[in-house]
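Here's a quick briefing to read alongside the sequence and the 3D view. Have a look at the fold before going through the points.

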Amino acid sequence: MVAGNASIPAADGPVASQLRKGVLEYCVLALLRDGPRYGVELLAELARVEVMATSQGTIYPLLSRLRRTGLADTHLRDSESGPPRRYYTLTDAGRSALEEFTTSWPSFRAAVDHFLTPGETP
């Protein structure tokens, strides 16, 4: 729990960590849906939602895996504030994976809610 607010679970607790691992890939694919982004940009966008904040040690291996599996592609682009940045874009396979997740997520979420709601299970 977050100190001073007992109703909000800790964003860095073991349950939040496991949940984040399960959906982080699809959140990144969703962020790439709207256009190319580089790693630090993705980290900043994820950090805007407390439970999704993650580290460079997590995001860069994930981005490499997305590229190796064909769900994302990369290209270098010059930066005005330093060396060229590696931008990631969504591929057609990535777009299909995101669509599949988007279709499956509501029924998955409803099933979990069903089991978590007292009195919902016989």
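Which residues does Met52 touch, not counting residues up to four places away in sequence? They are Arg20, Val23, Leu24, Cys27 and Leu46, where a contact means heavy atoms within 4.5 Å.

Keep in mind that this is a predicted model, where local features need pLDDT of at least 70, side-chain atom pairs count only at pLDDT 80 or more, and totals for chains, interfaces and linings use all residues. Residues are numbered from 1 along each chain as its sequence is written, and side-chain values use heavy atoms, with hydrogens and water left out.

**Around Met52**
- Met52 sits in the loop between helix H2 (39-47) and helix H3 (56-68).
- Met52 counts as buried because its relative accessibility is 12%, and buried means under 20% relative accessible area (1.4 Å probe, protein chains only).
- Lys21 is 31 residues from Met52 in sequence, yet their C-alpha atoms are 9.3 Å apart in space.

**Overall fold**
- The protein chain has four helices and three strands, which are DSSP runs (H or I, at least four residues, for helices; E, at least two, for strands) numbered from the N terminus.
- Along the sequence, the pattern reads α-β-α-α-β-β-α.
- Taken along the principal axes, the C-alpha atoms fill a box of roughly 55 × 35 × 20 Å.

**Packing**
- The protein chain has 122 residues, and 29% of them count as buried.
- Of the contacts with a separation of 6 or more, 47% come from residues 24 or more positions apart.

Methods: Buried < 20%, exposed > 50% of the residue type's maximum accessible area, 1.4 Å probe, protein only.
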